[in-house]
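Hi,

Here is the structure we talked about. Please have a look at it, then read my notes below.

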Amino acid sequence: MSVALESVLLYEGSVTEPDRENRVIEADDAELVSRARTGDFAAYEALVRQYRNDVFALAYHFVRNREEAWDLSQEVFIKAHRALKRFRGDASFKTWVLRITANQCKDFLKKRRLKTVSFDGSPQAANRPSADLDPRDRAEAHELGQAIQRAVDTLPVKHRTAFVLREIEGLSYQEMAGVMNCSVGTVMSRLHHARRKLRNLLEKSGFALEGTSASKENTS
Amino acid sequence: MNLAGLALAVLVHASAAGDALTTPIRVEWFAVQATNEGRDQGVMEFGDGLEAVRDAIEKFVEKKRLKLDTFAQIAHSKVRAAPNAETELAINDRYTTFVKPLSRDEDGRIRMTVRIEEASERDGKKTVRDALNTTSSVASNAPLLLGGLKLERGNLIGAIIVSD
Amino acid sequence: MKWQQRLEQYRDGELGDVDAREIEAMLEDPAHQAYDASLNALGAAARASMPRAGIADEQLPAFMAGIREGVERPQRGYRGFWALASLSTAALIVALSVFSVIMLKSQDAVHSTVEAAATEIEGAEIDTYVDDDGTAVVWVSDTGSDTW
C-alpha cells in the first residue's frame with residue numbers, strides 16, 4: 001500500500017523551510033562580521049538571528065534531541081564569536097558556521113558514543129502521521145518515517161552529514177564542500193554512498209523506492 | 001624576553017609533599033602533530049581521536065594566538081603508571097615521554113614528573129637529551145599540555161589526563 | 001556507478017544546460033529512469049520524515065542570552081609570573097619556578113599547576129600558562145620558530 005507522502009503530518013515544534021534560494025547577502029554578512037569583530041554584539045546578534053535555524057537544524061539532525069541541539073547550537077555560536085578574528089571571508093559566513101556545527105556535532109557524538117541515535121520519543125521529535133489518514137496508512141507512514149531515520153542514523157557520520165546537508169538543508173555541492181572541508185568530488189562520492197546504503201537498508205526493511213514515493217512492499 | 005648568555009638561578013618552589021601514592025595512576029596520553037596549513041576558513045581542524053583534549057588545545061592556541069590550525073593524533077596510549085617509577089609513553093622515533101607519579105595533594109592532584117626525551121644523531125653519534133622536563137600537579141578535570149617541540153612537520157603537543 | 005552519479009548531479013541541480021541534454025538522452029533508458037525515480041523518492045521520503053527543526057522567534061531571546069553569557073564569560077588571565085631564560089651553552093639546564101595560581105581556582109574546577117620546567121635544547125625558551133579551566137601548559141619555543 002503506498003502512502004501519499006504529502007499527507008504525512010510532520011512533527012510538532014518549530015518547523016522552518018530551508019532557504020533554497022541563492023540569496024545575495026554575503027555583502028551584508030561581511031559588514032556584520034566586520035562590526036562584530038570590533039565588539040559590536042548587536043551585529044553578531046543579527047548574524048545569529050539570520051543563521052540560528054541553519055545551525056539548529058543541522059545539530060538536531062545529528063542528536064535528535066531538542067535540548068541537546070539547543071546547547072550545541074549555542075556552543076557553536078560562542079565558538080564562532082571567539083574565532084571571528086580568524087574568519088577571512090573566503091567562504092560565506094553560513095558555510096563557515098555550519099562547518100563549526102558539523103565539527104561540534106561530530107565531537108559530541110563521539111564523546112557520547114552515539115553510533116546510532118534512538119528515536120527519543122519527545123513530543124517535538126515524534127513523527128505523527130496526519131489524522132486524515134486511515135489508521136493503516138498512518139501506521140505505515142509512521143513506520144516509514146522510523147525506517148528512514150533509523151537508516152540515516154546507521155550511516156557513518158561523513159555520509160550522514162552529506163545526505164542531510166543535501167537532501168534536508170538543500171546546500172549546493174560547493175557549500176557542502178566548505179562545510180565538510182573536502183573537495184566537491186568527495187562530496188559527490190559521500191552522497192552517492194549514502195544514497196546507495198539508504199536504498200539498500202530501506203529495501204531490506206521492506207520499503208520500495210519507486211515512482212515518486214516510498215511504499216511498504218506487500219509481502220503477503 | 002631573551003636573556004642571552006645568562007643562566008638564571010631561580011627559586012624552586014617545592015610544593016607540599018602530599019600523600020604518598022600506593023596504587024598506579026591511570027594516565028591517558030595524546031601526542032598531537034600541530035601544523036599551520038593556512039586554512040582560509042580560520043577554523044581549527046582536529047583529526048579523529050582528539051575529542052578529549054580538543055577544547056584545551058583550542059583554547060590555548062587561541063589565547064596565545066599561535067599560528068597553528070590543524071591537529072592530528074600521532075600517538076595515544078592509556079597506561080597505569082606505577083608510583084615513583086618512570087612509565088614510558090611512545091611518541092615516535094625522535095621523542096619519547098616518561099611519566100613518574102609522585103604523590104597526591106590535598107586537592108587530589110597528582111604530582112608527577114613528565115619528561116620528553118629527544119633522541120638524535122649527530123656526526124654518527126647518537127645523543128639523548130631532555131627536550132622538556134617538568135614537575136607538575138595534574139588535576140583530574142584538566143589536562144596538562146606540553147608543547148612546542150619541533151617535528152619534521154609542525155610542532156608536537158602532548159596532553160596528559162590523569163585519573164585514579 | 002558513473003552514470004548514477006551523473007544522474008545524482010542532475011537531480012541535485014549541479015549540471016548546466018549542455019549536460020542536461022545528455023541527461024535527457026540518458027533517461028530514455030528504463031534502468032536509468034528507475035534510478036532517477038528512486039532518487040526522487042528517497043529525497044522526498046527523507047524530507048517528509050526528517051523535517052527541519054528550528055528556533056522560533058519567541059525563543060530567540062533565551063537563545064541569545066545563553067550565547068551572550070558564553071561570549072562574555074571572563075577570560076581570567078593567570079596571575080602567576082613568567083620567567084624566561086635562554087641558554088648560552090649546550091647542556092645548560094634552566095630551572096624555572098612558577099608559583100601556583102591557586103587563587104584562580106574556581107569553585108568547581110581544581111587547577112593543574114606547573115612547579116618547575118626545564119629544557120636541554122640550546123637556545124630554547126620555556127613558557128608556562130594555566131587557563132581559567134585549570135589546564136596547565138608548558139611550552140618550549142625555539143627562538144627561530146615561527147609558531148608565535
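**Salt bridges between chains**

C:Asp57 and A:Arg52 form a salt bridge through their side chains, at 2.7 Å from N to O. This pair crosses between chains: C:Asp57 sits in the loop between α3 and α4 of chain C, and A:Arg52 sits in helix α2 of chain A. C:Asp57 is exposed, at a relative accessible area of 55%. A:Arg52 is buried, at 6%. Keep in mind that this is a predicted model.

A second pair joins A:Arg195 and C:Asp12, with the closest N and O atoms 2.7 Å apart. It also runs between chains, from helix α8 of chain A to the loop between α1 and α2 (17-26) of chain C. Here both partners are buried: A:Arg195 has 2% relative accessibility, and C:Asp12 has a relative accessible area of 7%.

The side chains of C:Glu115 and B:Arg111 meet in a salt bridge at 2.8 Å, N to O. C:Glu115 is in strand β2 of chain C, and B:Arg111 is in strand β7 (residues 110-122) of chain B. C:Glu115 counts as buried, at 8% relative accessibility. B:Arg111 has a relative accessible area of 19%; the cut-off for buried is under 20%, so B:Arg111 is buried too. The side chains of C:Glu115 and B:Arg111 are also joined by a polar contact of 2.8 Å.

Over all chains, the search of the whole structure finds 33 salt bridges.

**Around A:Arg195**

Leaving out residues up to four places away in sequence, A:Arg195 touches A:Phe163, A:Arg166 and A:Glu167 in chain A, and C:Glu8, C:Asp12, C:Leu39 and C:Leu42 in chain C. A network of salt bridges links A:Arg166, A:Glu167, A:Arg195, C:Glu8, C:Asp12 and C:Arg47.

**The interface of chains A and C**

How many residues does each chain give to this contact? Chain C gives 38 and chain A gives 56. The two chains bury about 4,500 Å² between them, and 63% of that is on carbon and sulfur atoms. On the chain C side, C:Leu42, C:Met50 and C:Arg52 supply 20% of the area buried against chain A, more than any other three residues.

Eight salt bridges are counted between chain C and chain A. Polar contacts across the interface come to 18 residue pairs, with both residues at pLDDT 80 or more. Three elements of chain C give two or more residues to the side that touches chain A: α1 (2-11), α3 (30-49) and α4 (60-72). α3(C) gives the most, with 13 residues. The chain C side divides into 21 nonpolar, 10 polar and seven charged residues.

**Helix α3 of chain A**

This helix covers residues 66-83 of chain A, 18 residues in total. At 1.5 Å a residue, α3(A) should span 26 Å; the end C-alpha atoms are 25 Å apart, which agrees. Buried residues in α3(A) include A:Trp70, A:Leu72, A:Phe77 and A:Ile78, with A:Arg66 and A:Lys79 also among them. The buried residues pack against three chains: α2 (41-63) and α4 (93-112) of chain A, α1 (51-63) of chain B, and α4 of chain C. At the start of α3(A), a side-chain oxygen of A:Asn65 comes to within 3.0 Å of the backbone nitrogen of A:Glu67.

**The chains one by one**

- Chain A: eight helices and two strands, in the order α-α-α-α-α-α-α-α-β-β. Of its 220 residues, 55% count as buried.
- Chain B: one helix and 10 strands, in the order β-β-β-α-β-β-β-β-β-β-β. Of its 164 residues, 51% count as buried.
- Chain C: four helices and four strands, in the order α-α-α-α-β-β-β-β. Of its 148 residues, 53% are buried.

Contacts between residues at least 6 apart in sequence were also sorted. In chain A, 65% of them join residues at least 24 apart. In chain B, 56% do. In chain C, 39% do.

Best wishes

How values were computed. Residues are numbered from 1 along each chain as its sequence is written. Chains are lettered from A and ligands numbered from 1 in the order in which they are written. This is a predicted model: local features need pLDDT of at least 70, side-chain atom pairs count only at pLDDT 80 or more; totals for chains, interfaces and linings use all residues. Side-chain values use heavy atoms; hydrogens and water are left out. Contact means heavy atoms within 4.5 Å. Buried area is the accessible area (1.4 Å probe) that two parts lose on being put together, summed over both. A salt bridge is a side-chain nitrogen of Lys or Arg within 4 Å of a carboxyl oxygen of Asp or Glu. A polar contact is a pair of N or O atoms within 3.5 Å; within protein, one must be able to donate a hydrogen and the other to accept it, and residues adjacent in sequence count only if both atoms are side-chain atoms. Ala, Val, Leu, Ile, Met, Phe, Trp, Tyr, Cys and Pro count as nonpolar, Asp, Glu, Lys and Arg as charged, and the others, Gly among them, as polar. The expected span of a helix is 1.5 Å times one less than its number of residues. Buried means under 20% relative accessible area, exposed over 50%, partly exposed in between (1.4 Å probe, protein chains only).
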